[in-house]
Amino acid sequence: MTPMIEIDEVTKYFGQKLVLDRVSLTVNRHETICLIGASGSGKSTLLRCVNRLVDHDYGTIRLDGIPNDDPSFGKTGLQKRASIVFQSYNLFPHMNVLDNITLAPRRVHSVARAEAEDRGHAILARFGMDGFARAYPEQLSGGQQQRVAIARALMTRPDVLLLDEITAALDPELVGEVLAIIRSLKDEGMTMMIVTHEMAFARDCADRVAFLADGDILEIDAPERLFSNPAHDRTRRFLHRIT
Ligand code: ADP
Ligand code: MG
């Protein structure tokens with residue numbers, strides 16, 4: 001079967017600075033890959049290249065076998081199929097929860113309001129958030145806002161979820177409720193690339209963990225292997241530092 005994502009020798013410069021150095025990675029359908037590594041190693045850039053928030057310079061990224069710069073996608077089509085969630089929830093403060101999550105489907109993807117709202121209520125209910133459909137972001141906790149942001153990312157029924165440190169801004173007691181949602185999405189078969197510093201979560205949820213250093217994947221393995229017996233000293237030192 002065609003892999004869901006094929007990243008082949010991808011290189012990215014910001015100005016003169018080499019940020020991704022011929023990275024290759026294949027993500028299979030229903031697979032969860034966690035990306036770990038020091039700040040500045042290129043994790044966020046790699047995620048953003050997948051759905052073209054950032055355009056890579058060399059190499060190829062295929063989504064379901066099709067190059068991600070193929071004109072048949074268009075950028076909004078690509079970003080509908082590979083949805084990203086950030087550390088900062090980026091909800092619109094002047095719009096209620098239901099409007100926040102139905103805006104893109106209605107405006108960008110031409111879904112009728114009634115259908116978008118049905119879909120929105122269903123996803124919110126699943127996340128224990130339907131009672132907040134008319135609430136404004138400032139009335140919600142950080143964990144609730146992040147659940148809404150994940151709901152919004154799912155509204156376009158993506159094939160892939162890209163999650164960039166989605167619990168990093170949360171108070172520790174709110175991290176669990178967000179990670180539980182990600183775990184349930186994995187159990188349903190969602191394909192995910194997850195940048196995280198939550199090693200316990202990566203151990204539990206990842207099929208494979210990739211350690212990035214200086215813009216490339218230094219090693220990638222099943223979590224039980226990579227965490228207990230890393231192949232590289234650099235991985236070992238990183239794991240020591242953060243656990
Ligand atoms: P990570 O997510 O692993 O912390 P990033 O992908 O954010 O790493 O950044 C990798 C490198 O690219 C860093 O040196 C960072 O400063 C640089 N960088 C990231 N985004 C930009 C940008 N938009 N313009 C210039 N440099 C950037
Ligand atoms: Mg980052």
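Tutor: Let's start with a definition: helices (H or I, at least four residues) and strands (E, at least two) are DSSP runs, numbered from the N terminus. By that rule, the chain has nine helices and 10 strands. Residues are numbered from 1 along each chain as its sequence is written, while chains are lettered from A and ligands numbered from 1 in the order in which they are written. This is a predicted model, in which local features need pLDDT of at least 70 and side-chain atom pairs count only at pLDDT 80 or more, whereas totals for chains, interfaces and linings use all residues.

Student: How do you know that the chain's radius of gyration agrees with a compact globule?

Tutor: We set it against a rule: the radius is taken over C-alpha atoms, and the globule rule is 2.2 Å times the number of residues to the power 0.38. For 243 residues the rule gives a value near 18 Å, and the chain has 18 Å, so the two agree. The C-alpha atoms fill a box of roughly 50 × 45 × 35 Å along the principal axes.

Student: What makes a residue buried or exposed?

Tutor: Count the other C-beta atoms, placed from the backbone, within 10 Å of the residue's own: 20 or more is buried, 12 or fewer is exposed, and in between is partly exposed. Buried residues make up 42% of the 243 residues in the chain.

Student: Why is Tyr58 called exposed?

Tutor: Tyr58 has 12 C-beta neighbours inside 10 Å, so it counts as exposed. Tyr58 lies in strand E4. In sequence, Tyr58 is 14 residues from Ser44, and their C-alpha atoms are 17 Å apart in space.

Student: And what makes helix H1 mostly covered?

Tutor: Seven of the eight residues of H1 are buried. They are Lys43, Ser44, Thr45, Leu46, Leu47, Cys49 and Val50.

Student: Where is Arg157, and what is its phi?

Tutor: Arg157 lies in the loop between helix H5 (142–154) and E7. Its phi is positive too, about 50°, although it is not a glycine. Arg157 has 11 C-beta neighbours inside 10 Å, so it counts as exposed.

Student: Why is Thr167 called buried?

Tutor: Thr167 has 23 C-beta neighbours inside 10 Å, so it counts as buried. Its place is in the loop between E7 and helix H6 (172–187).

Student: Which residues is Thr167 in contact with?

Tutor: A contact means that two C-beta atoms, placed from the backbone, lie within 7 Å. Leaving aside neighbours within four places in sequence, Thr167 is in contact with Val175, Val178, Leu179 and Glu198. Glu198 is 31 residues from Thr167 along the chain, yet their C-alpha atoms are separated by 8.4 Å. Across the chain, residues 24 or more positions apart account for 66% of the contacts with a separation of 6 or more.

Student: How do you know that E4 and E5 pair?

Tutor: Two strands pair if DSSP finds at least two bridges between them. Two bridges join E4 (residues 58–63) to E5, so they pair, and they run antiparallel.

Student: In which order do the four strands form the open sheet?

Tutor: The order is E2-E1-E4-E5, with antiparallel pairing. The edge strands are E2 (17–27) and E5 (66–67), each pairing on one side only.

Student: What makes both faces of strand E6 count as covered?

Tutor: Ala82 and Ile84 on one side, and Ser83 and Val85 on the other, are all buried. Four bridges join E6 to E7 (residues 160–164), and the two strands run parallel. In this pairing Ser83 stands opposite Leu161.

Student: Which residues surround ligand 1?

Tutor: A residue is near a molecule if its C-beta atom, placed from the backbone, lies within 6 Å of it. Ligand 1 is surrounded by Phe14, Val19, Gly37, Ser39, Gly40, Ser41, Gly42, Lys43, Ser44 and Thr45. Helix H1 (residues 43–50) gives the largest share of this shell, three residues.
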